[in-house]
Protein chains: 2
Amino acid sequence: MPESPHDVHMSADAFRRHGRAVIDWIADYLENIEQHPVQSPVKPNHVRAQLPAHPPERGESFEAMLRDVNEIILPGLTHWQSPSFFGFFPANTSYPSILGELLSAGLGVQGMLWATSPACTELETHVLDWVVDLLDLPREFLSTSEGGGVIQDTASSATLCAMLAARECATGGATNDRGTDGTLTVYTSRQTHSSIEKAATIAGIGRVNLRLIEVDERFAMEPEKLRQAVRADRRAGKMPAFVCATVGTTSSNAIDPVRAIGEICREEKLWLHVDAAMSGTAALCPEFRHIHDGLELADSYCFNPHKWMFTNFDCDCFFVRDRAALVRALSILPEYLRNTATESGHVIDYRDWQIPLGRRFRALKLWFVIRHYGAEGLRELVREHLALAREFADWVRESKSYDLITDPPLNLVCLRHVEGDRRTRAILEAINDSGRAFLTHTKLNDRYVIRVSIGGTRTRRPHVEALRGQLSDLA
Amino acid sequence: MPESPHDVHMSADAFRRHGRAVIDWIADYLENIEQHPVQSPVKPNHVRAQLPAHPPERGESFEAMLRDVNEIILPGLTHWQSPSFFGFFPANTSYPSILGELLSAGLGVQGMLWATSPACTELETHVLDWVVDLLDLPREFLSTSEGGGVIQDTASSATLCAMLAARECATGGATNDRGTDGTLTVYTSRQTHSSIEKAATIAGIGRVNLRLIEVDERFAMEPEKLRQAVRADRRAGKMPAFVCATVGTTSSNAIDPVRAIGEICREEKLWLHVDAAMSGTAALCPEFRHIHDGLELADSYCFNPHKWMFTNFDCDCFFVRDRAALVRALSILPEYLRNTATESGHVIDYRDWQIPLGRRFRALKLWFVIRHYGAEGLRELVREHLALAREFADWVRESKSYDLITDPPLNLVCLRHVEGDRRTRAILEAINDSGRAFLTHTKLNDRYVIRVSIGGTRTRRPHVEALRGQLSDLA
């Protein structure tokens with residue numbers, strides 16, 4: 001027998017040593033993250049130009065890799081975990097979550113079927129039931145009812161799954177068999193996330209069959225306009241199927257009136273999906289649960305612990321009221337996946353709840369986060385962000401240089417310089433170029449607006465105050 | 001100011017301590033993995049029954065969590081990393097890959113746009129170019145050509161993206177706008193993966209418009225049957241759009257004749273996608289590159305380093321010849337994602353290459369794997385698996401009790417007991433119940449067949465020999 005090639009593997013001892021180095025590296029990185037410019041200053045191709053054109057023929061040392069992470073990768077990063085990152089929505093992480101992801105990578109199990117690793121499925125089902133408790137969601141979303149929850153990668157994927165289930169329900173299962181035919185219509189507000197349009201194109205429904213309903217002065221969907229659109233479509237021979245209401249739009253955090261929309265959906269027999277990707281987390285606190293008023297009328301719901309609930313990407317919690325409808329839309333059972341547990345009908349096979357087949361053990365990190373912080377700890381952190389956003393909005397409101405665009409419902413504050421688009425954009429760019437904070441923009445009523453999204457794991461009062469200082473200086 | 005709620009976070013020191021514990025836990029787990037039964041013996045609800053019904057109000061210690069991982073989670077796992085796991089296809093991981101995933105979780109950056117973390121995009125583009133080198137794929141898949149590569153979660157998602165691009169190309173972009181109308185048809189073999197059917201339903205093309213082409217005695221697609229089906233569809237007023245060829249089917253590892261299929265696709269102007277999810281890795285070795293013969297005729301291609309290339313799930317490498325076609329199918333640019341780099345046209349924004357918007361830094365783990373092992377190390381490991389599979393197949397061929405179903409092209413061996421389905425199934429169940437190895441089955445020519453998939457990171461000759469011993473004893 002020749003010597004085994006298995007000595008090309010990293011040994012367990014080397015893994016222990018390098019693992020400690022990476023753990024320390026992460027702790028050092030996060031403790032000292034404010035030393036880096038928040039936005040990477042590199043120009044296109046700067047990172048690639050430093051990398052060898054061809055893969056190595058022989059293995060390299062782990063030390064060499066970690067050195068390249070420091071020297072080549074780090075300067076090319078925009079630091080999402082910086083407490084002065086106020087762009088987009090947060091994608092926050094936390095130490096317990098990192099440990100959960102690490103454990104998941106180490107276990108390397110697949111949760112596509114209950115049978116492929118029962119604990120992977122059961123912990124996920126269980127923790128999603130906990131989330132129903134934590135956010136006081138409708139009991140219809142519990143796995144002990146006809147519904148249940150599942151972890152998706154993103155709200156985009158959750159919304160696509162919801163739309164597919166709606167499509168199948170509306171056509172009695174005909175579209176999976178025969179394809180779509182251009183008659184289905186779907187509805188959301190003008191302010192909704194781009195993922196709804198993307199889902200409508202992917203699902204073969206088409207952009208022309210997506211109705212963007214007008215919004216009120218607070219950028220929330222006008223339910224009567226929804227009703228009119230649905231009825232006009234029915235008169236025109238269309239088949240309305242799906243409505244997406246948003247709790248916390250990306251541009252301004254507008255909260256669609258879920259109850260009024262839900263009542264229309266019930267009357268018109270439409271699937272109602274509620275996308276609360278960022279803002280759902282606020283419902284940890286009883287005083288903010290009004291954002292979900294009427295949610296018991298929804299057929300599906302999602303929010304992302306990977307945005308504002310300290311769980312690293314990817315972790316979207318997606319709930320349905322009728323899991324059979326979802327499974328009918330997404331289930332395919334080839335012979336090589338058949339097994340006794342599936343055939344018993346007593347288990348959940350999450351591959352039928354999502355687009356991909358394979359899935360990793362993402363419940364671990366969410367379990368670790370909820371257990372580490374407890375409901376109480378999570379609420380405290382979220383309340384601090386909400387208070388900081390209110391204070392910051394008050395400052396903008398009183399400022400002579402900036403206009404507050406809308407009273408912020410939660411933790412996103414939208415403002416612009418009184419001199420208009422050009423000046424506002426110049427200020428945003430100056431702040432981003434300074435490396436001291438990072439902001440992104442949107443347009444509201446066709447005007448350029450700075451978004452200040454306050455929800456980072458490490459974002460505290462001094463960081464928001466420093467941003468105020470920069471905004472003042474630049475005004 | 002009240003005391004900060006930030007002391008509810010895990011401190012950096014505690015993270016260093018717990019991080020070391022988890023690193024050691026993983027090393028201990030993987031070093032001692034053979035002490036666990038490969039297949040979890042638990043019954044439905046066994047795991048859930050041990051978990052508290054409600055989430056904790058107050059935070060808990062990390063020690064308590066790790067104890068529960070040991071006592072509750074571990075017995076509920078089927079150990080995919082066991083060297084005696086021969087089920088499905090491998091989903092192997094390795095120490096360098098685990099460290100890459102850990103680093104990605106610690107950095108917590110988003111790669112949806114180049115601008116949101118340039119290094120995240122550039123390293124991915126670069127490493128995917130390396131993969132073109134490693135597997136000697138067509139130069140058209142290089143990012144320096146009109147094409148390029150991207151990491152998807154799974155081959156299911158890659159195939160869906162390919163089908164959407166094909167749909168848009170065939171209809172001149174009309175389906176994203178107007179939806180599908182039941183005329184598009186798509187083609188694959190009877191032995192193809194279930195994800196193709198799932199993609200056809202998701203994309204609104206419909207099951208009735210999916211043609212399952214007959215296979216030859218080695219379970220590979222018959223190109224002439226494909227040509228006939230395409231022509232019959234055209235005569236019937238259908239619009240053929242997409243063909244998926246499989247390099248290494250799930251049931252028997254059959255390899256479709258890519259060149260012959262590709263020539264038909266060129267003549268008929270059809271998008272050819274090649275799914276080599278498991279088997280593509282064999283092309284690390286020049287002597288196995290014949291599996292990709294004709295790949296230069298393909299429009300897209302995918303394989304999964306998370307199956308057989310020592311990179312933990314999720315990591316599918318997806319390549320296209322014409323990235324503009326893919327982006328046309330999947331791009332949506334709302335105001336809040338606009339930025340100077342995107343508008344310059346000089347950067348890749350990977351959100352336009354996939355279904356979801358957000359994406360984590362998965363290139364790190366693939367980079368670590370390629371650098372740790374080097375091309376040489378990867379080839380050695382793959383060659384050992386291939387040699388073990390050949391030896392095992394020889395043993396089956398010579399056995400009086402078992403029939404070899406087909407000469408294994410690579411590392412999957414299919415066999416059945418000479419006494420037929422019932423006996424074969426009983427043997428498989430006895431082995432799985434023993435906990436000493438794990439096997440899954442399929443049906444080929446309507447007969448129940450045991451699949452022995454040899455590709456685990458830690459699978460070596462003694463593990464295959466032990467399986468032979470069990471099979472002998474049970475025969």
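**View 1. Strands E6 and E7 in the sheet of chain A.** In chain A, strand E6 (residues 300–303) and strand E7 (residues 316–320) are paired in the antiparallel sense over 4 bridges. Within this pairing, Cys302(A) stands opposite Phe318(A) in E7(A). As with every view described here, the coordinates come from a predicted model.

**View 2. Strand E4 of chain A and its two partner strands.** Strand E4 (residues 239–246) of chain A is mostly covered, with 7 of its 8 residues buried. Strand E2 (residues 184–189) of chain A runs parallel to E4(A) and is joined to E4(A) by 4 bridges, with Thr185(A) standing opposite Pro240(A). E4(A) also pairs with strand E5 (residues 271–275) of chain A, again in the parallel sense, over 5 bridges; in this pairing Val243(A) has Leu272(A) of E5(A) as its bridge partner. Together with helix H9 (residues 258–268) of chain A, the strands E4(A) and E5(A) make a right-handed β-α-β unit.

**View 3. The two assigned domains of chain A and the contact between them.** The domain assignment divides chain A into domain 1 (100–368) and domain 2 (378–474). The centres of domain 1 and domain 2 of chain A, taken over C-alpha atoms, are separated by 30 Å. Where these domains touch, domain 1 of chain A gives 15 residues and domain 2 of chain A gives 16 residues. On the side of domain 1 of chain A that touches domain 2 of chain A, the residues divide into 8 nonpolar, 6 polar and 1 charged.

**View 4. The contact between chain A and chain B.** In this view, 128 residues of chain A are in contact with 128 residues of chain B. Helix H1 (residues 12–31) of chain A gives the most to the side of chain A that touches chain B, contributing 13 residues. Sorted by class, that side of chain A has 57 nonpolar, 44 polar and 27 charged residues.

**View 5. Tyr373 of chain B and its surroundings.** Tyr373(B) has its place in helix H13 (residues 363–398) of chain B. Because 27 C-beta neighbours lie inside 10 Å, Tyr373(B) counts as buried, the cut-off being 20 or more. When its neighbours within four places in sequence are left aside, Tyr373(B) is in contact with Val8(A) and Gly59(A) as well as with Phe310(B) and Leu378(B). Tyr373(B) and Phe310(B) are 63 residues apart in sequence, and their C-alpha atoms are 9.6 Å apart in space.

**View 6. Strand E2 of chain B, with its covered faces.** In strand E2 (residues 184–189) of chain B, 6 of the 6 residues are buried, so the strand is largely enclosed by the rest of the structure. Val186(B) takes part in both pairings: it stands opposite Phe242(B) in E4(B) and opposite Leu210(B) in E3(B). E2(B), helix H7 (residues 194–202) of chain B and E3(B) make a right-handed β-α-β unit.

View 7. The open sheet of chain B has 7 strands in the order E1-E7-E6-E5-E4-E2-E3, with mixed pairing. Its edge strands are strand E1 (148–152) and E3 of chain B, each of which pairs on one side only. The twist averages 20° from one strand to the next. Helix H4 (residues 118–135) of chain B packs on the sheet and touches E1 and E7 of chain B, its direction making about 110° with that of E1(B). Helix H9 (residues 258–268) of chain B lies across E4 and strand E5 (271–275) of chain B, and runs at about 165° to E4(B).

Technical notes:
Residues numbered from 1 in each chain as written. Chains lettered and ligands numbered in written order. Predicted model: local features only at pLDDT ≥ 70, side-chain atom pairs only at ≥ 80, totals over all residues. Buried ≥ 20, exposed ≤ 12 C-beta atoms within 10 Å, placed from the backbone. Pairing = 2+ DSSP bridges. Right-handed = clockwise from strand over helix to strand, strands pointing away. Contact = placed C-beta atoms within 7 Å. Nonpolar A, V, L, I, M, F, W, Y, C, P; charged D, E, K, R; others polar. Axes fitted to C-alpha atoms, helices over the stretch in contact; angles between N-to-C directions. Domains from an automatic or database assignment.
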